[in-house]
Amino acid sequence: MSRRPKVLVVDDEPDYLRIAARIAAGAGCAVMTAKAALEGVALAAAEPPDLILLDVGLPDISGFEAARRIRRAPATAAVPIIFFTVRSEVDMVSEGLALGAAGYVLKPFDPDELTRRIRAAVSGK
Amino acid sequence: MTRAVHCATADPAAAALLRAALKGLDLRFYPSAAALLKVWKGGGAALIDASLPDMSGRDLVAVLRGAPRTARSVIALAGPGPYSPAAAAACFDNGADEYFTFPPDPGLLKARLLNLMARSGRRPAAAEAPAEHSFGALKVSPEARTASVKGMQLRLTALEFDLLMYFLKNQGRVVSRGVLLEQVWRQGLETGTRSVDKRIEALRSKLGRAFGSKIRTVFGLGYIFRL
């Protein structure tokens with residue numbers, strides 16, 4: 001039996017953390033969660049997931065900085081990252097995508113859209 | 001003056017259809033939102049596929065419309081067929097000038113795009129907000145802060161009107177009670193999520209069965225509004 005893909009959700013807003021975790025579980029994934037960026041980076045290093053859903057405005061370091069650290073660690077360098085955030089300024093979106101993100105999703109999001117993106121990212125399509 | 005049409009699509013079949021439909025225009029193609037954002041600094045038009053590999057077209061339209069360099073350019077969104085008025089309304093609400101579905105009618109698409117590009121040069125500095133948005137029988141006027149269903153004016157409180165506008169702007173997106181408290185009530189969770197539920201019940205009832213039922217409760221998550 002093939003194992004379920006693992007998704008790490010990092011968000012300091014409990015509502016979005018819960019919603020995104022529920023959607024990822026609904027997409028057939030095992031879910032880990034973190035409420036802060038550094039906690040997410042540590043969790044990813046300890047147990048590399050197949051996908052990271054990463055908020056941008058986090059309380060300790062930004063999601064972009066967290067993504068850079070995740071990319072620098074060999075064990076997580078290739079893990080796809082989808083940013084999901086309220087930050088819709090063009091410079092922020094450009095910066096996020098330039099970091100090699102697999103996706104950039106604006107909050108509030110369409111659950112079907114997020115499900116599609118999670119499935120595509122964990123299947124490598 | 002020839003102005004380029006910047007097409008963002010990762011689908012070769014869609015690109016071929018656009019090439020055929022927009023023959024004679026200066027077309028530039030980008031396979032992702034990231035590629036378009038890197039190059040397009042406004043001017044001419046952008047034609048965006050609804051499903052790009054790195055972003056939804058609808059989100060990208062909102063980003064471009066909010067950016068000073070591209071805010072006044074023509075932005076069109078191309079969705080999958082068949083044509084859905086709800087998808088079109090959501091895309092116009094995010095700031096698109098035009099919405100069409102694949103496969104486009106070549107003559108019509110080209111004429112509409114050229115027309116929009118010609119008019120965009122004459123746009124005033126401030127974006128023109130439409131006086132009234134129509135969603136079938138539901139009509140909403142943001143400036144007058146009024147809403148009506150089948151011509152009957154709804155007696156909404158200020159908060160209910162803000163709630164309706166927020167749902168219309170975020171159609172098809174799941175919104176939690178906490179997010180509504182933050183974005184509509186402008187308050188934190190201490191206000192209590194019960195007040196959200198009660199206000200939504202009131203809004204549903206005022207919208208009547210046809211539109212009230214479009215605000216669906218998503219168990220354990222919040223609400224979603226789909227027309």
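Buried means under 20% relative accessible area, and exposed means over 50%. The model is predicted.

**Exercise 1. Describe the buried side and the opposite face of helix α1 of chain B.**

Step 1. Helix α1(B) spans residues 12-21. Its buried residues are Ala14(B), Ala15(B), Leu18(B) and Ala21(B).
Step 2. These residues cover an arc of only 130° around the axis, so they sit on the same side of α1(B).
Step 3. Turn to the face away from that buried side: Pro12(B) and Ala20(B) are exposed there.
Step 4. Find the partners. The buried residues pack against β1, β2, β3, β5 and α5 of chain B.
Step 5. Check the N-terminal end. Asp11(B) caps it, with a side-chain oxygen 3.0 Å from the backbone nitrogen of Ala13(B).

**Exercise 2. Work out how helices α7 and α8 of chain B pack.**

Step 1. Take the geometry. The angle between α7(B) (residues 177-185) and α8(B) (residues 193-212) is about 80°, and the axes are 9 Å apart.
Step 2. Classify the angle. Values from 65 to 115 degrees count as roughly perpendicular, so α7(B) is roughly perpendicular to α8(B).
Step 3. List the residues in contact. From α7(B) come Arg177(B), Leu180(B), Leu181(B) and Trp185(B). They meet residues of α8(B) including Val196(B), Asp197(B) and Ile200(B).
Step 4. Sort by class. The contact has five nonpolar, two polar and three charged residues.

**Exercise 3. Is Ala37(A) buried or exposed?**

Step 1. Locate Ala37(A): helix α2 of chain A, residues 37-46.
Step 2. Read the relative accessible area. At 1%, Ala37(A) is buried.
Step 3. Name its contacts. Among them are Val10(A), Leu58(A), Ile61(A) and Ala66(A).

Notes. Residues are numbered from 1 along each chain as its sequence is written. Chains are lettered from A and ligands numbered from 1 in the order in which they are written. This is a predicted model: local features need pLDDT of at least 70, side-chain atom pairs count only at pLDDT 80 or more; totals for chains, interfaces and linings use all residues. Side-chain values use heavy atoms; hydrogens and water are left out. Axes are lines fitted to C-alpha atoms, for helices over the stretch in contact, and angles run from 0 to 180 degrees between N-to-C directions. Helices (H or I, at least four residues) and strands (E, at least two) are DSSP runs, numbered from the N terminus. Angles under 35 degrees count as roughly parallel, over 145 as roughly antiparallel, 65 to 115 as roughly perpendicular and the rest as oblique. Contact means heavy atoms within 4.5 Å. Ala, Val, Leu, Ile, Met, Phe, Trp, Tyr, Cys and Pro count as nonpolar, Asp, Glu, Lys and Arg as charged, and the others, Gly among them, as polar. Buried means under 20% relative accessible area, exposed over 50%, partly exposed in between (1.4 Å probe, protein chains only). The arc is that of the directions from the helix axis to the C-beta atoms. A polar contact is a pair of N or O atoms within 3.5 Å; within protein, one must be able to donate a hydrogen and the other to accept it, and residues adjacent in sequence count only if both atoms are side-chain atoms. Lists of a residue's contacts leave out its neighbours within four places in sequence.
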